[in-house]
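I set down here what I looked up in this structure, entry by entry. The sequence and the model come before my notes.

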Amino acid sequence: MRTDFVPAELPGRRIYQLLTSLVVPRPIAWISTVSPRGVPNLAPHSFFTVACAQPPIVQFTSVGRKDSLRNAEETGEFVVNFAPTDLQEEINATATDFPADMDEFTAAGLTPESSTVVTPPRVAASPSALECRLHSTVPLGDSTVVLGEVVHIAVAEETLVDGLPEITRLRPVSRLGKNEWGTIGEVTSLDRIRYSDWPAWHTPQHPTTSV
């Protein structure tokens with residue numbers, strides 16, 4: 001048995017709760033920006049993913065007109081700071097609806113550090129940061145998709161193994177449904193299968209066509 005939901009018949013908040021409970025886990029883009037007046041802003045966004053590798057473009061979605069969106073549009077820059085498990089309390093604190101003229105770094109007790117290429121600061125305690133220049137925005141209903149071209153990547157050396165970040169050293173925190181958060185849990189490794197190595201017992205049996 002399944003329970004059926006018709007999106008068009010659900011109120012906005014209900015469909016949001018349903019979608020965010022089913023599309024899980026979601027990585028968190030901890031977005032730092034600076035307003036045109038020079039006020040730093042920091043906020044988490046859990047609608048976040050890689051959009052393109054060549055050129056490197058990431059995207060996050062602002063549900064409503066958040067300060068992150070306004071600042072990115074007006075200045076053309078933002079930073080995606082990695083959201084690690086040991087900063088979960090601070091990440092959650094920066095989701096507070098502070099006034100636009102309030103510095104979330106200060107409010108959450110976080111130390112900023114200068115970025116290499118862009119103006120918005122990075123979170124010093126975060127193990128990695130993607131410095132981005134605004135590529136484009138796409139309005140969708142009550143939300144806006146923000147795409148940024150990655151112009152610089154900074155990664156803490158202690159998280160690297162053979163030149164790549166190691167998941168158990170990064171220890172990301174993710175958003176689930178309701179007020180739930182997740183950690184990486186068990187990590188498994190599984191190689192992709194090339195078609196030339198595809199096992200016979202996986203090959204579908206095509207029916208014979210008679211004329």
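Which residues make up the largest nonpolar core? I worked from a predicted model. I found 12 residues in this core: Ala29, Ile31, Phe48, Val58, Phe60, Leu69, Ala72, Phe78, Val80, Cys132, Val146 and Val150. I then looked up the elements that give two or more residues to this core, and they are β2 (29-34), β5 (57-63), α2 (67-75), β6 (77-81) and β10 (143-155). Apart from this core I noted another one, of 11 residues, including Ile28, Trp30, Ala83 and Leu110. In soluble globular proteins, nonpolar side chains tend to be buried together.

Next I took up Ile31, a member of the largest core. Leaving aside neighbours within four places in sequence, I listed its contacts as Asn41, Leu42, Ala43, His45, Phe60, Ser68, Phe78, Val79, Val80 and Asn81.

I turned to an open sheet of 3 strands, with the order β1-β13-β14 and antiparallel pairing. Why is one side of β1 and of β14 left without a neighbour in the sheet? β1 (26-27) and β14 (181-182) stand at the edges and each has a single partner strand, so one side of each has no neighbour there. Between β13 (residues 174-175) and β14 I recorded 2 bridges. In this pairing, Ser174 is opposite Gly182 of β14.

Last, I examined the surface. Leu19, Leu22 and Val23 form a nonpolar patch there, and together they have about 300 Å² of accessible area. I located Val23 in the loop between α1 (12-22) and β1. With a relative accessible area of 49%, Val23 is partly exposed.

Note on methods:
Residues are numbered from 1 along each chain as its sequence is written. This is a predicted model: local features need pLDDT of at least 70, side-chain atom pairs count only at pLDDT 80 or more; totals for chains, interfaces and linings use all residues. Side-chain values use heavy atoms; hydrogens and water are left out. A nonpolar core is a set of buried Ala, Val, Leu, Ile, Met, Phe, Trp, Tyr and Cys residues joined through side-chain atoms within 4.5 Å. Buried means under 20% relative accessible area, exposed over 50%, partly exposed in between (1.4 Å probe, protein chains only). Helices (H or I, at least four residues) and strands (E, at least two) are DSSP runs, numbered from the N terminus. Contact means heavy atoms within 4.5 Å. Two strands pair if DSSP finds at least two bridges between them. Patches are made of residues with over 30% relative accessible area and no salt bridge: like charges are joined within 9 Å, nonpolar side chains (Val, Leu, Ile, Met, Phe, Trp, Tyr) within 5 Å. Accessible areas come from the Shrake-Rupley method with a 1.4 Å probe; for residues, only the protein chains shown count as cover. A salt bridge is a side-chain nitrogen of Lys or Arg within 4 Å of a carboxyl oxygen of Asp or Glu.
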